[in-house]
Amino acid sequence: MSTVIIGAGLAGLSAAYHLRKNWVIFEKDAKVGGLSRSDRVNGFIFDKTGHLFHVHSAYTKKWLVDGLLKNKLHKLDRNSWIFSKDVFTRYPFQANTYGLERKTMADCVVSFLKTRDRRAVSRRNQNFKQWCLATFGPGISRHFMLPYNRKLWRTDLDKVTTEWLGGFIPVPSREEVVYGALVDQKKFFGYNASFYYPKEGGSQTLADAVSRQLCGSELYLNSEVAEIHWQKKEIVTSQGLRRSYDRLINTGPLNVFLERLRPRLDSRLEAAGREALRYNVVYNLNLGITNPRPTDKHWVYFPEKRFPFYRIGVLSNFASSVAPKGMSSFYIEFVRLEREGFDYEKMQNHAIETLKTLSWMKPDDEIAHKQWLRIAPAYVIYTKERARFLPQIFNFLQKHDIFSIGRYGAWKYSFMEQALLDGKAAAQTILGSI
Ligand SMILES: Cc1cc2nc3c(=O)[nH]c(=O)nc-3n(C[C@H](O)[C@H](O)[C@H](O)COP(=O)(O)OP(=O)(O)OC[C@H]3O[C@@H](n4cnc5c(N)ncnc54)[C@H](O)[C@@H]3O)c2cc1C
């Protein structure tokens with residue numbers, strides 16, 4: 001019983017690890033890791049933006065934190081902020097309005113309390129905009145939730161659904177909101193309150209640790225799967241190599257995978273897929289500068305329109321090993337839709353100006369390295385069309401022994417641990433069915 005795996009990101013590597021034998025991975029890039037890869041350039045190590053390891057399950061903790069990566073990870077408490085109205089406030093905005101001018105703070109707190117008094121909040125049948133207004137009230141929505149999310153999704157928020165929320169957006173209690181307006185509280189909220197980051201090697205260390213454990217089968221790098229002959233159960237790579245399979249695990253983007261099916265899907269399903277599988281693109285500017293510690297913050301969100309990026313992170317604050325001695329590194333994240341253009345030079349100048357305004361770059365600091373990365377797809381966009389299409393397509397694929405998993409295979413908003421667990425679950429299903 002052989003399994004072909006498309007992609008050596010964390011989902012694909014984990015699937016192979018848990019299958020143990022009789023697998024073949026085809027990976028189009030020259031390295032394992034997918035989106036969690038890091039690149040070494042000019043003495044710096046850059047992730048694809050920042051990649052922090054959030055661990056929730058006892059299984060991942062035992063397997064990786066206390067197992068394969070024992071003594072190789074720092075555990076860090078999140079130090080993340082929001083910059084708006086010319087001040088920094090702690091993340092999450094909804095629980096930490098302390099520091100904002102009084103009128104804005106009152107607007108947020110009073111409308112939150114009024115909204116909470118009115119009715120119980122249900123996510124069902126609400127679009128994201130309605131959910132924000134019903135959950136946080138107009139103040140917090142107007143000052144953070146709506147502008148920030150409009151920037152990130154680049155889609156009308158009344159077209160965005162709420163299935164992705166899960167634990168991603170913390171909802172504080174009345175007491176927490178009031179307390180967080182009066183006091184600079186350091187209470188942690190949300191799914192990423194603390195996280196792990198490799199002491200050496202950037203986030204790549206994670207994929208390398210799993211990859212080193214693989215044995216008993218084949219991993220082909222620089223090998224892109226170009227066609228999937230699902231009736232014959234055979235894949236063809238772009239170099240013309242053919243390989244038959246009993247089970248297929250896809251971890252590459254679902255939209256591209258579906259285009260490569262031979263024969264193609266019927267035209268009705270194909271059209272539904274085009275409508276449903278929407279995503280945004282992240283443009284990631286990585287900068288290395290000649291300043292050892294510009295700030296102690298980990299990352300900062302920028303909801304206001306006057307800033308064209310949505311987040312700036314300080315990678316060298318996760319591990320000093322990612323920058324040469326005496327230097328530090330930033331990642332700055334912009335977002336666009338696929339059809340939209342992007343003016344690299346203008347955006348770069350804007351980012352550097354902001355670093356100077358925030359005094360994160362001093363007049364004497366020099367840029368030691370700069371690099372742009374384009375991540376597409378980056379975030380899949382949750383819409384009603386997506387919700388209707390996915391069950392149909394997964395049903396069709398499963399009937400043909402195809403598992404489409406991971407962040408882009410399953411077309412979802414998820415993080416590294418979930419990719420690892422997706423790979424494990426697919427392997428267990430396959431092993432259970434043999
Ligand atoms: C901007 C951004 C920031 C993020 N930050 C974090 C974070 O801080 N913490 C966190 O936990 N998660 C973060 N994530 C999410 C995390 O990166 C992913 O959840 C995880 O890496 C996905 O792993 P995967 O294996 O599912 O997919 P991928 O990493 O995309 O792996 C898929 C692999 O398949 C290969 N492939 C695709 N098509 C083919 C083909 N036809 N043939 C052969 N190979 C193919 C690709 O090259 C790739 O290696 C972030 C994501 C983004 C976009």
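**Figure 1. Contacts and overall build of the chain in a predicted model.** Among the contacts in the chain with a separation of 6 or more, 73% are made by residues 24 or more positions apart. The chain has twelve helices and 20 strands. Its radius of gyration is 23 Å, close to the 22 Å that the globule rule gives for 434 residues, so the chain is as compact as a globular protein of that length. Along the principal axes, the C-alpha atoms fill a box of roughly 65 × 55 × 45 Å.

**Figure 2. Burial and surface of the chain.** Of the 434 residues, 58% count as buried, while the accessible surface of the chain comes to about 19200 Å², with 49% of that area belonging to carbon and sulfur atoms.

**Figure 3. The shell around the ligand.** The ligand is surrounded by 35 residues, of which E27, L35, H51, L52 and M416 are the closest. Helices α1 (10-19), α11 (406-409) and α12 (416-433) each supply at least two residues of the shell, and the largest share, three residues, comes from α11.

Figure 4. In the side chain of E27, an N or O atom is 2.6 Å from an oxygen atom of the ligand. Backbone atoms also take part: a polar backbone atom of R407 is 2.9 Å from an oxygen atom of the ligand, and a backbone N or O atom of S414 lies 3.2 Å from an oxygen atom of the ligand. Taken alone, the ligand exposes 1000 Å², and the protein buries 93% of that area.

Terms used:
Residues are numbered from 1 along each chain as its sequence is written. This is a predicted model: local features need pLDDT of at least 70, side-chain atom pairs count only at pLDDT 80 or more; totals for chains, interfaces and linings use all residues. Side-chain values use heavy atoms; hydrogens and water are left out. A residue is near a molecule or strand if one of its heavy atoms lies within 4 Å of it. A polar contact is a pair of N or O atoms within 3.5 Å; within protein, one must be able to donate a hydrogen and the other to accept it, and residues adjacent in sequence count only if both atoms are side-chain atoms. Accessible areas come from the Shrake-Rupley method with a 1.4 Å probe; for residues, only the protein chains shown count as cover. Helices (H or I, at least four residues) and strands (E, at least two) are DSSP runs, numbered from the N terminus. The radius of gyration is taken over C-alpha atoms; the globule rule is 2.2 Å times the number of residues to the power 0.38. Buried means under 20% relative accessible area, exposed over 50%, partly exposed in between (1.4 Å probe, protein chains only). Contact means heavy atoms within 4.5 Å.
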